[in-house]
Amino acid sequence: MDNENEYILSIKGGGKNREIRLSKKLFDFAVVSIFAGIIIFVGVCGYSVYSALNKQRNAEMVDEVQKAEELQQEQLLEVSKKAAELKEKLDNLEQQEKELRIQAGLKPPKTEKDSQPAQNSENAAQPENNPETTETPENNSTDEPNGQGGPIGDLTIEEVREALSMIEKSATIRQESLNDFQTELKAGREQLFASALRSGASGIVSLPGIISPGVLDISKLGGKVSADPNMPSIWPSTGVVTSPYGLRWSGTDFHPGMDIADDMGTPIVATADGVVDYAGWNSGGYGNMVDIDHGNGIMTRYGHASQVVVTAGQSVKRGQVIAYMGSTGFSTGPHVHYEVIINGQRVNPNGFL
């Protein structure tokens with residue numbers, strides 16, 4: 001070093017000595033720059049390694065979450081299938097009890113409708129269950145309507161819980177009905193036995209034959225006509241119920257409404273007074289759809305129409321034709337998908353019929 005402010009670097013090569021003179025400031029700057037570069041390089045390398053590890057970890061977490069969701073969906077599907085099988089068994093049990101009651105000449109079995117509180121019972125039109133007018137399977141048409149449809153989506157825990165709650169309620173009603181049936185049979189046997197003793201008759205007392213009920217014809221039921229014109233209380237069309245509210249298709253789907261199938265072009269009517277909230281095409285599976293606002297948080301929905309004859313904002317009356325039955329959207333045949341919505345929550349329409 002020549003003086004305190006200079007550094008001399010000697011470079012030997014080619015038989016000659018070369019000297020490079022650097023000021024102290026420049027030398028210090030070079031040293032600091034080299035160290036800074038090393039630190040930056042180490043930092044960049046470290047950050048790159050950290051980012052790669054973090055991405056890998058995030059990818060693993062996403063993969064684990066997806067696997068957990070797939071497992072949960074599989075478990076929900078398994079539970080819903082078992083629930084659907086149980087519901088089918090309960091329906092078969094109800095059918096068997098109905099046939100036994102007809103054979104014994106007793107009143108029809110208790111159903112979920114019987115457990116619903118009557119709405120304006122003074123004006124309600126109660127359906128009649130007359131075994132003599134019930135169609136037999138032999139008289140049923142072989143090409144009966146079987147249109148089904150509705151929105152498309154995965155099962156949720158809430159839907160499965162609701163379905164299980166419905167099944168639990170059905171099982172309770174079925175048990176109560178069977179208990180009543182047992183009591184009525186016992187009373188009937190005692191009455192027949194006493195009558196036979198009084199008349200001196202002997203032998204077996206014969207009972208009426210079984211009359212197997214046919215397909216439900218909603219045009220013969222009508223519904224409970226509520227005194228409140230804004231309360232849904234009639235059927236939206238004639239036809240047969242091909243898919244009720246709840247689990248269906250072996251538990252692979254939750255149906256948030258009721259499918260009623262009939263011929264193409266069958267009129268669809270408003271089930272209560274209200275204002276049309278929406279009328280037109282729906283891309284979520286409903287096809288041509290009508291939504292009616294009845295006030296007080298109550299709405300009804302009618303899907304899969306071939307033609308809509310009302311417009312948004314139009315006032316409609318109970319029984320007024322709003323559309324004609326079709327098979328638009330996600331549908332397997334002509335039918336109307338009917339929903340009742342209370343404060344944004346879809347509920348079982350059966351409770352309003």
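Author: A residue is called buried when its relative accessible area is under 20%, exposed when it is over 50%, and partly exposed in between (1.4 Å probe, protein chains only). Asn-343 counts as exposed because its relative accessibility is 63%, whereas His-304 counts as buried because its value is 0%. The model is predicted: local features need pLDDT of at least 70, side-chain atom pairs count only at pLDDT 80 or more, and totals for chains, interfaces and linings use all residues. Residues are numbered from 1 along each chain as its sequence is written, and side-chain values use heavy atoms, with hydrogens and water left out.

The part to examine is strand β10, which covers residues 298-308. The secondary structure of the protein chain comes to three helices and 14 strands; these are DSSP runs numbered from the N terminus, with helices being H or I of at least four residues and strands being E of at least two. Of the 353 residues in the chain, 31% are buried.

Thr-300 belongs to strand β10. This threonine counts as buried because its relative accessible area is 0%. Its side chain makes a polar contact with the side chain of Tyr-302, at 2.8 Å. A polar contact is a pair of N or O atoms within 3.5 Å; within protein, one must be able to donate a hydrogen and the other to accept it, and residues adjacent in sequence count only if both atoms are side-chain atoms. Setting aside neighbours within four places in sequence, Thr-300 is in contact (heavy atoms within 4.5 Å) with several residues, including Pro-232, Thr-271, Asp-291, His-294 and Tyr-338. In the chain as a whole, residues 24 or more positions apart account for 67% of the contacts with a separation of 6 or more.

Rings of Phe, Tyr and Trp (its six-membered ring) pair if their centres lie within 6.5 Å, and planes under 30 degrees apart count as stacked, over 60 as edge-to-face and the rest as tilted. By this rule the count comes to two aromatic pairs. One of them, Tyr-245 with Phe-254, is edge-to-face, with 5.4 Å centre to centre and 80° between the planes. Tyr-302 and Tyr-338 form a tilted pair, with 5.5 Å between centres and 40° between planes. Since Tyr-302 lies in strand β10 and Tyr-338 in strand β13 (residues 335-342), the pair ties together parts that are 36 residues apart in sequence. Tyr-302 is buried because its relative accessible area is 2%, and Tyr-338 is buried because its value is 1%.

A ring also features in the surroundings of Arg-301. The charged end of Arg-301 sits over the ring of Tyr-286, 4.9 Å from its centre; the rule requires NZ of Lys or CZ of Arg within 6 Å of the ring centre and within 35 degrees of the ring normal.

The backbone deserves attention as well. His-304 has its place in strand β10, and it has a positive phi of about 70° although it is not a glycine. Asn-343 likewise has a positive phi, of about 50°, and is not a glycine. This asparagine lies in the loop between β13 and β14 (345-347).

Finally, a word on confidence. The mean pLDDT of the protein chain is 75, and 72% of its residues reach 70 or more; pLDDT is the predictor's confidence in each residue, from 0 to 100. Over residues 118-141 the pLDDT is below 50, and this stretch has 35 contacts in the model beyond near neighbours in sequence.
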